[in-house]
Amino acid sequence: MSDPPPLPLLSLLLPLISAMLYVVGAMLMRRAADFGVGFWRTTFVANLTCAAVFAPLLFLGGTFRADLLWQPAIVAALFLAGSVLNFISLDRGDVSVATPVLGIKIVLVALLATLVGGQVVTPNIWAAAALSTTAIALLNRTRAAHHHHVTTTILAAGASAASFALFDVLVQKWSPAWGIGRFPPVMLGLVALLAVGLVPRFPAPLSAVQGAAWPWLLSGSLLMAVQSLVFVCSVAYYGNATAANVMYSSRGLWSVVAVWLVGHWFRNTEQQLGASVLRWRLLGSALMLVAIALVLW
């Protein structure tokens with residue numbers, strides 16, 4: 001049996017670019033949170049922004065499959081469910097517990113790509129997925145010895161990782177029948193529609209959001225939408241969900257670099273975590289680089 005052909009370089013660079021954009025977008029969104037915007041209103045604004053950013057893909061053409069409308073509907077529900085479960089894990093527990101558990105998405109994508117997508121995953125990709133998951137755990141290690149609601153945190157974060165993993169694999173599997181100009185924008189349009197269901201969860205109307213919060217919220221939402229566009233289109237066009245997720249997981253590395261270099265610009269306090277945490281995160285960064293090298297090899 002011959003080896004599978006190498007992945008196009010652009011299929012690896014696009015998720016890497018997406019990872020970098022995610023870090024900046026996340027820091028902007030975190031700053032918006034300091035003004036009390038709240039997760040539900042932030043998610044609503046971010047989803048509507050994302051749908052608007054994906055809409056121009058319609059000009060690329062494709063085939064609108066009314067008979068297969070259930071496909072983007074399922075993927076949209078998975079996207080929104082993953083977001084909500086992610087919030088529960090972070091709201092009820094500690095980031096140092098939730099984020100490493102979310103990192104299992106990489107291995108789940110590799111597994112689901114084989115079971116659901118029929119994709120051949122090479123040993124290099126499996127090794128890179130395992131290394132990336134370990135790296136994420138190290139990148140999020142803290143000095144805290146006590147964690148609360150551990151069971152709830154692990155279950156919610158694990159379910160979120162599973163939702164996003166299945167989302168990636170199904171985007172890869174179902175997009176070809178629609179085309180990149182139809183499946184992603186239709187799917188994100190349905191996500192925005194489903195997000196209307198979050199409105200009753202708002203602590204106050206959007207009009208009550210402080211004026212100073214809007215520049216951070218809108219710029220963060222825009223960057224998060226652009227990085228999502230880059231990542232989803234890469235998976236939809238190249239069908240590279242497993243390798244793309246390994247490259248995308250480098251956001252852990254970029255987040256360490258960004259926090260220590262420019263975190264103070266966003267009033268981020270993670271610089272104060274101490275030398276021991278930095279050592280663990282540097283080790284995680286090294287493992288991440290090895291994982292990326294395995295994908296490129």
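Predicted model: local features only at pLDDT ≥ 70, side-chain atom pairs only at ≥ 80, totals over all residues.
**Entry 1: D34 and R31.** D34 makes a salt bridge with R31, and their closest N and O atoms lie 3.2 Å apart. I then checked accessibility at both ends. R31 has a relative accessible area of 9% and is buried. D34, at 41%, counts as partly exposed. Side chains of opposite charge can pair when their charged atoms come close.

Entry 2: How many salt bridges does the structure hold? I find 2. R65 has a relative accessible area of 25%, so I list R65 as partly exposed.

**Entry 3: S228.** I located S228 in helix α9, which covers residues 214–238. Is S228 buried or exposed? Its relative accessible area is 9%, and the cut-off for buried is under 20%, so S228 is buried. Leaving out residues up to four places away in sequence, I recorded contacts of S228 with S18, C50 and F54.

**Entry 4: confidence.** I read the pLDDT values last. The chain averages 79, and 77% of the residues score at least 70. Where is confidence lowest in the chain? I find the lowest mean, 60, in helix α4, residues 95–102. Helix α8, residues 183–195, has the highest, at 94.

Definitions and conventions: Residues numbered from 1 in each chain as written. Heavy atoms only, no water. Salt bridge = Lys/Arg side-chain N within 4 Å of Asp/Glu carboxyl O. Buried < 20%, exposed > 50% of the residue type's maximum accessible area, 1.4 Å probe, protein only. pLDDT = per-residue confidence, 0-100. Helix = DSSP H or I, 4+ residues; strand = E, 2+ residues; numbered from the N terminus. Contact = heavy atoms within 4.5 Å.
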